[in-house]
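Me: I have a model open and want to learn to read its features. Can you take me through them one by one?

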Amino acid sequence: MKLFMMALVFHLTMTSINWTSFFIGEEDWIFLLEISLRTIIMYFIILIGLRLLGKRGVRQLSVFELVVIISLGSAAGDPMFYKEIGLLFPVVIFGIIVGAYRLTTYFMAKSKKFDDLVEGKCVYLIVEGEFSIDGFNKESLAQDEFFSELRQQSVSHLGQVETAILETSGNLSIFFYPDEKVKYGLPIMPALFEKANERVFELGKYACTHCGNILHLQPSIEHNCDKCGHKKWIKALKTCRVR
(Lines give C-alpha, C1' and ligand atoms only; values in the text may rest on other atoms or scores of the structure.)
Protein backbone atom coordinates (compact mmCIF):
# COMPACT_ATOMS: atom_id res chain seq x y z
CA MET A 1 0.00 0.00 0.00
CA LYS A 2 2.86 2.35 0.86
CA LEU A 3 4.61 1.63 -2.43
CA PHE A 4 1.35 2.22 -4.32
CA MET A 5 0.89 5.65 -2.66
CA MET A 6 4.46 6.62 -3.44
CA ALA A 7 4.04 5.58 -7.07
CA LEU A 8 0.78 7.55 -7.30
CA VAL A 9 2.39 10.69 -5.87
CA PHE A 10 5.34 10.33 -8.28
CA HIS A 11 2.97 9.90 -11.24
CA LEU A 12 0.88 12.94 -10.28
CA THR A 13 4.04 15.02 -9.81
CA MET A 14 5.46 14.04 -13.18
CA THR A 15 2.20 14.68 -15.04
CA SER A 16 1.76 18.10 -13.40
CA ILE A 17 5.12 19.39 -14.65
CA ASN A 18 5.03 21.63 -17.68
CA TRP A 19 7.85 19.99 -19.60
CA THR A 20 8.00 22.68 -22.25
CA SER A 21 8.71 25.31 -19.58
CA PHE A 22 11.02 22.90 -17.81
CA PHE A 23 13.32 22.63 -20.85
CA ILE A 24 13.03 26.00 -22.62
CA GLY A 25 11.54 28.32 -20.00
CA GLU A 26 9.21 31.04 -21.24
CA GLU A 27 10.54 30.98 -24.79
CA ASP A 28 9.30 28.86 -27.66
CA TRP A 29 11.15 26.17 -29.58
CA ILE A 30 12.03 28.64 -32.34
CA PHE A 31 14.34 30.42 -29.89
CA LEU A 32 16.51 27.28 -29.80
CA LEU A 33 17.25 27.84 -33.48
CA GLU A 34 18.03 31.48 -32.76
CA ILE A 35 20.41 30.50 -29.92
CA SER A 36 22.13 28.02 -32.23
CA LEU A 37 22.62 30.68 -34.89
CA ARG A 38 23.83 33.25 -32.32
CA THR A 39 26.30 30.74 -30.85
CA ILE A 40 27.72 29.87 -34.25
CA ILE A 41 28.14 33.54 -35.15
CA MET A 42 29.78 34.36 -31.79
CA TYR A 43 32.06 31.34 -32.17
CA PHE A 44 33.47 32.73 -35.41
CA ILE A 45 33.69 36.24 -33.94
CA ILE A 46 35.75 34.86 -31.02
CA LEU A 47 37.91 32.89 -33.45
CA ILE A 48 38.56 36.01 -35.53
CA GLY A 49 39.20 38.05 -32.37
CA LEU A 50 41.82 35.61 -31.10
CA ARG A 51 43.41 35.50 -34.54
CA LEU A 52 43.68 39.29 -34.52
CA LEU A 53 45.36 39.16 -31.10
CA GLY A 54 48.27 37.39 -32.77
CA LYS A 55 50.42 34.48 -31.68
CA ARG A 56 51.68 36.31 -28.61
CA GLY A 57 48.22 36.39 -27.01
CA VAL A 58 47.61 32.70 -27.70
CA ARG A 59 51.07 31.45 -26.69
CA GLN A 60 50.99 32.60 -23.07
CA LEU A 61 48.55 33.89 -20.51
CA SER A 62 50.08 36.58 -18.36
CA VAL A 63 47.82 38.80 -16.25
CA PHE A 64 47.49 41.13 -19.23
CA GLU A 65 46.39 38.36 -21.65
CA LEU A 66 44.07 36.90 -19.02
CA VAL A 67 42.22 40.21 -18.71
CA VAL A 68 41.78 40.33 -22.49
CA ILE A 69 40.50 36.73 -22.74
CA ILE A 70 38.04 37.25 -19.87
CA SER A 71 36.79 40.45 -21.50
CA LEU A 72 36.23 38.68 -24.81
CA GLY A 73 34.43 35.82 -23.06
CA SER A 74 32.15 38.22 -21.17
CA ALA A 75 31.30 40.09 -24.36
CA ALA A 76 30.51 36.84 -26.18
CA GLY A 77 28.43 35.11 -23.51
CA ASP A 78 25.34 37.31 -23.15
CA PRO A 79 24.41 37.57 -26.86
CA MET A 80 24.31 33.77 -27.07
CA PHE A 81 21.50 33.55 -24.48
CA TYR A 82 19.63 36.84 -24.37
CA LYS A 83 17.66 37.80 -27.44
CA GLU A 84 17.30 41.35 -26.07
CA ILE A 85 20.99 41.89 -26.89
CA GLY A 86 21.74 42.36 -30.56
CA LEU A 87 24.87 40.93 -32.15
CA LEU A 88 26.15 44.34 -33.23
CA PHE A 89 27.02 45.30 -29.63
CA PRO A 90 29.47 42.44 -28.95
CA VAL A 91 31.07 43.02 -32.36
CA VAL A 92 31.76 46.66 -31.34
CA ILE A 93 33.06 45.48 -27.94
CA PHE A 94 35.32 42.93 -29.62
CA GLY A 95 36.68 45.62 -31.92
CA ILE A 96 37.44 47.93 -28.99
CA ILE A 97 39.11 45.16 -26.94
CA VAL A 98 41.25 43.94 -29.84
CA GLY A 99 42.17 47.53 -30.77
CA ALA A 100 43.12 48.32 -27.17
CA TYR A 101 45.18 45.12 -27.00
CA ARG A 102 47.09 45.89 -30.20
CA LEU A 103 47.70 49.48 -29.07
CA THR A 104 48.94 48.30 -25.66
CA THR A 105 51.29 45.72 -27.16
CA TYR A 106 52.61 48.39 -29.55
CA PHE A 107 53.55 50.67 -26.63
CA MET A 108 54.94 47.68 -24.71
CA ALA A 109 57.27 46.95 -27.63
CA LYS A 110 58.36 50.58 -27.76
CA SER A 111 58.87 51.18 -24.03
CA LYS A 112 60.51 48.82 -21.54
CA LYS A 113 59.10 50.81 -18.63
CA PHE A 114 55.56 50.52 -20.00
CA ASP A 115 56.08 46.79 -20.57
CA ASP A 116 57.20 46.34 -16.95
CA LEU A 117 54.22 48.39 -15.77
CA VAL A 118 51.70 46.20 -17.64
CA GLU A 119 53.21 42.73 -17.26
CA GLY A 120 55.65 43.17 -14.38
CA LYS A 121 59.18 41.77 -14.23
CA CYS A 122 60.52 38.27 -13.88
CA VAL A 123 61.74 37.52 -10.36
CA TYR A 124 64.79 35.51 -9.28
CA LEU A 125 63.77 33.04 -6.56
CA ILE A 126 67.00 30.99 -6.36
CA VAL A 127 70.49 32.29 -7.06
CA GLU A 128 73.48 29.94 -6.84
CA GLY A 129 71.63 27.33 -4.81
CA GLU A 130 70.14 29.69 -2.20
CA PHE A 131 66.89 31.62 -1.88
CA SER A 132 66.72 35.17 -3.11
CA ILE A 133 64.94 36.68 -0.11
CA ASP A 134 64.17 39.93 -1.97
CA GLY A 135 62.53 37.94 -4.77
CA PHE A 136 60.34 35.97 -2.39
CA ASN A 137 59.26 39.13 -0.59
CA LYS A 138 57.97 40.54 -3.90
CA GLU A 139 55.75 37.54 -4.62
CA SER A 140 52.90 35.94 -2.67
CA LEU A 141 54.44 32.50 -3.15
CA ALA A 142 54.30 30.03 -0.27
CA GLN A 143 57.44 28.03 0.43
CA ASP A 144 55.51 24.73 0.32
CA GLU A 145 54.07 25.64 -3.09
CA PHE A 146 57.52 26.50 -4.42
CA PHE A 147 59.05 23.29 -3.04
CA SER A 148 56.29 21.31 -4.75
CA GLU A 149 57.17 22.93 -8.10
CA LEU A 150 60.83 22.01 -7.61
CA ARG A 151 60.10 18.42 -6.58
CA GLN A 152 58.13 17.93 -9.80
CA GLN A 153 61.40 18.72 -11.60
CA SER A 154 63.21 15.97 -9.62
CA VAL A 155 64.90 18.48 -7.30
CA SER A 156 65.62 17.13 -3.80
CA HIS A 157 67.71 20.03 -2.46
CA LEU A 158 68.51 23.61 -3.51
CA GLY A 159 72.17 22.87 -4.19
CA GLN A 160 71.10 21.18 -7.43
CA VAL A 161 69.61 24.45 -8.73
CA GLU A 162 71.82 27.24 -10.08
CA THR A 163 68.97 29.66 -10.84
CA ALA A 164 65.16 29.63 -10.61
CA ILE A 165 63.17 32.47 -12.17
CA LEU A 166 59.46 33.20 -11.83
CA GLU A 167 58.43 34.46 -15.28
CA THR A 168 55.80 37.14 -15.89
CA SER A 169 53.48 34.41 -17.22
CA GLY A 170 53.65 32.64 -13.83
CA ASN A 171 55.79 29.78 -15.17
CA LEU A 172 58.91 28.73 -13.30
CA SER A 173 62.18 28.52 -15.25
CA ILE A 174 64.81 26.33 -13.58
CA PHE A 175 68.50 26.07 -14.53
CA PHE A 176 70.38 23.18 -12.96
CA TYR A 177 73.99 22.66 -11.98
CA PRO A 178 75.73 19.83 -13.84
CA ASP A 179 76.31 16.83 -11.56
CA GLU A 180 79.99 17.64 -11.03
CA LYS A 181 79.12 21.16 -9.80
CA VAL A 182 76.24 20.34 -7.44
CA LYS A 183 76.64 22.19 -4.11
CA TYR A 184 75.47 21.53 -0.58
CA GLY A 185 71.85 22.65 -0.39
CA LEU A 186 68.67 22.90 1.67
CA PRO A 187 66.67 19.63 1.52
CA ILE A 188 63.10 20.16 0.27
CA MET A 189 61.73 16.64 0.73
CA PRO A 190 58.94 16.87 3.36
CA ALA A 191 60.28 14.08 5.58
CA LEU A 192 63.71 15.75 5.80
CA PHE A 193 62.52 19.37 5.99
CA GLU A 194 60.31 18.57 8.99
CA LYS A 195 63.44 17.63 10.97
CA ALA A 196 64.60 21.26 11.08
CA ASN A 197 65.79 22.29 14.54
CA GLU A 198 67.31 25.30 16.26
CA ARG A 199 69.83 23.05 17.93
CA VAL A 200 72.83 21.61 16.07
CA PHE A 201 73.77 18.20 17.47
CA GLU A 202 76.84 17.31 15.41
CA LEU A 203 79.56 18.90 13.31
CA GLY A 204 78.71 19.32 9.63
CA LYS A 205 77.23 21.36 6.80
CA TYR A 206 73.84 22.84 7.64
CA ALA A 207 71.27 24.82 5.64
CA CYS A 208 69.16 27.67 6.99
CA THR A 209 65.50 26.75 6.45
CA HIS A 210 64.57 30.36 5.71
CA CYS A 211 67.15 31.38 3.09
CA GLY A 212 69.07 28.20 2.24
CA ASN A 213 72.37 29.67 3.40
CA ILE A 214 74.97 26.92 3.97
CA LEU A 215 77.31 27.05 6.96
CA HIS A 216 79.76 24.64 8.55
CA LEU A 217 78.44 24.51 12.13
CA GLN A 218 79.73 23.18 15.41
CA PRO A 219 77.32 21.53 17.90
CA SER A 220 75.47 24.31 19.72
CA ILE A 221 72.13 25.10 21.35
CA GLU A 222 71.44 28.08 19.08
CA HIS A 223 73.03 29.63 15.99
CA ASN A 224 71.75 32.62 14.03
CA CYS A 225 72.06 32.63 10.24
CA ASP A 226 74.54 35.31 9.16
CA LYS A 227 72.47 36.00 6.03
CA CYS A 228 68.87 36.30 7.30
CA GLY A 229 69.13 36.02 11.10
CA HIS A 230 66.86 32.98 11.43
CA LYS A 231 67.71 30.10 13.77
CA LYS A 232 66.35 26.86 12.27
CA TRP A 233 68.81 24.53 10.57
CA ILE A 234 68.76 21.23 8.76
CA LYS A 235 71.58 18.94 7.63
CA ALA A 236 72.52 19.95 4.07
CA LEU A 237 72.63 17.49 1.17
CA LYS A 238 74.96 17.24 -1.82
CA THR A 239 73.32 14.50 -3.89
CA CYS A 240 72.80 14.71 -7.66
CA ARG A 241 69.41 14.81 -9.33
CA VAL A 242 67.88 11.46 -10.29
CA ARG A 243 66.61 11.79 -13.86
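Me: How many bridges join strand S5 and S6, and in which sense do they pair?
Reply: This is a predicted model. Strands count as paired when at least two bridges are found between them. Here S5 (residues 204-208) and S6 pair in the antiparallel sense, over four bridges.

Me: Now a helix. Which residues of H9 are buried?
Reply: Buried means under 20% relative accessible area. In helix H9 (residues 143-151), the buried residues are Phe 146, Phe 147 and Leu 150. Look down the axis of H9: these residues fall within an arc of 100°, so they line one face of the helix.

Me: And the surface? Which residues make the nonpolar patch?
Reply: A residue needs over 30% relative accessible area to join a patch. Leu 88, Val 91, Val 92 and Ile 96 make a nonpolar surface patch of about 380 Å². Val 92 lies in helix H6 (residues 88-110).

Me: Why does Val 92 count as partly exposed?
Reply: Because its relative accessibility is 45%. Partly exposed is the class between buried, under 20%, and exposed, over 50%.

Terms used. Residues are numbered from 1 along each chain as its sequence is written. This is a predicted model: local features need pLDDT of at least 70, side-chain atom pairs count only at pLDDT 80 or more; totals for chains, interfaces and linings use all residues. Side-chain values use heavy atoms; hydrogens and water are left out. Patches are made of residues with over 30% relative accessible area and no salt bridge: like charges are joined within 9 Å, nonpolar side chains (Val, Leu, Ile, Met, Phe, Trp, Tyr) within 5 Å. Accessible areas come from the Shrake-Rupley method with a 1.4 Å probe; for residues, only the protein chains shown count as cover. A salt bridge is a side-chain nitrogen of Lys or Arg within 4 Å of a carboxyl oxygen of Asp or Glu. Helices (H or I, at least four residues) and strands (E, at least two) are DSSP runs, numbered from the N terminus. Buried means under 20% relative accessible area, exposed over 50%, partly exposed in between (1.4 Å probe, protein chains only). The arc is that of the directions from the helix axis to the C-beta atoms.
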